[in-house]
Amino acid sequence: MEDKLSNCRRCGKIFVQNRHALCQQCLQEEEAEYRKIYDFIRKRKSREASVAEVMAETGVAHDRIMKFVREERLRTIVSDRHKSQT
Ligand SMILES: [Zn+2]
């Protein structure tokens, strides 16, 4: 089997490619961020939160939150309607 090298999508480091396109360290960081957001939303009665609320409560960057939303890992987040659509 041949290992393919790739640049990490997040930190740019060269690593052996996996299905996440992230190096091991970034993968762990991303999991930790996801957990934080998940726990925060789970505690809410409505199971919903705006991106701004999640950012304020968890300290996770906007881009990262939106990435989870795009990947449909965080379906319950209500997008911040005041932000311009991308
Ligand atoms: Zn990385």
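Tutor: Read along the sequence, the chain runs β-β-α-β-α-α-β. That gives three helices and four strands. Helices (H or I, at least four residues) and strands (E, at least two) are DSSP runs, numbered from the N terminus. The model is predicted: local features need pLDDT of at least 70, side-chain atom pairs count only at pLDDT 80 or more, and totals for chains, interfaces and linings use all residues. Residues are numbered from 1 along each chain as its sequence is written.

Student: What makes β1 a strand, and which residue of β1 can we look at?

Tutor: β1 covers residues 5-7, and Asn7 belongs to it. Asn7 touches Gly12 and Ile14, leaving aside residues up to four places away in sequence. In contact means that the C-beta atoms, placed from the backbone, lie within 7 Å.

Student: Why is Asn7 called partly exposed?

Tutor: Count the C-beta neighbours. A residue is buried if 20 or more other C-beta atoms lie within 10 Å of its own, exposed if 12 or fewer, and partly exposed in between, with C-beta atoms placed from the backbone. Asn7 has 13 such neighbours, so Asn7 counts as partly exposed.

Student: How do you know that Arg47 is exposed?

Tutor: Arg47 has 11 C-beta neighbours inside 10 Å, so Arg47 falls in the exposed class. Arg47 sits in the loop between α1 and β3 (49-50).

Student: What makes the set around Ile37 a nonpolar core?

Tutor: The term means buried Ala, Val, Leu, Ile, Met, Phe, Trp, Tyr and Cys residues joined through C-beta atoms within 7 Å. The largest such core has seven residues: Ile37, Ile41, Ala49, Val51, Val54, Ile65 and Ile77. The elements giving two or more residues to this core are α1 and α2 (51-58). Ala49 touches Phe40, Ile41, Arg44, Val54, Ile77 and Val78, not counting residues up to four places away in sequence. Across the chain of 86 residues, 12% count as buried.

Student: Why is the packing of α1 and α2 called roughly perpendicular?

Tutor: The two helices pack at about 115 degrees, with axes 10 Å apart. Angles under 35 degrees count as roughly parallel, over 145 as roughly antiparallel, 65 to 115 as roughly perpendicular and the rest as oblique. That makes α1 roughly perpendicular to α2. Axes are lines fitted to C-alpha atoms, for helices over the stretch in contact, and angles run from 0 to 180 degrees between N-to-C directions.

Student: What is the hand of the crossing?

Tutor: α1 and α2 cross in a right-handed way.

Student: Which residues of α1 meet which residues of α2?

Tutor: Lys36, Ile37 and Phe40 in α1 meet Val54, Glu57 and Thr58 in α2. These contact residues divide into three nonpolar, one polar and two charged. Arg35 also belongs to α1. The C-alpha atoms of Arg35 and Thr58 are 9.9 Å apart, across 23 residues in sequence. Arg35 has 11 C-beta neighbours inside 10 Å, so Arg35 is exposed.

Student: How do you know that Val69 is partly exposed?

Tutor: Val69 has 18 other C-beta atoms within 10 Å, so Val69 is partly exposed. Val69 lies in helix α3 (residues 62-70). Val69 touches Leu74 and Ile77, not counting residues up to four places away in sequence. Val69 and Val51 are 18 residues apart along the chain, and their C-alpha atoms are separated by 9.7 Å.

Notes. Two residues are in contact if their C-beta atoms, placed from the backbone, lie within 7 Å. A crossing is left-handed if the near helix is turned anticlockwise from the far one by less than a right angle, and right-handed if clockwise. Ala, Val, Leu, Ile, Met, Phe, Trp, Tyr, Cys and Pro count as nonpolar, Asp, Glu, Lys and Arg as charged, and the others, Gly among them, as polar.
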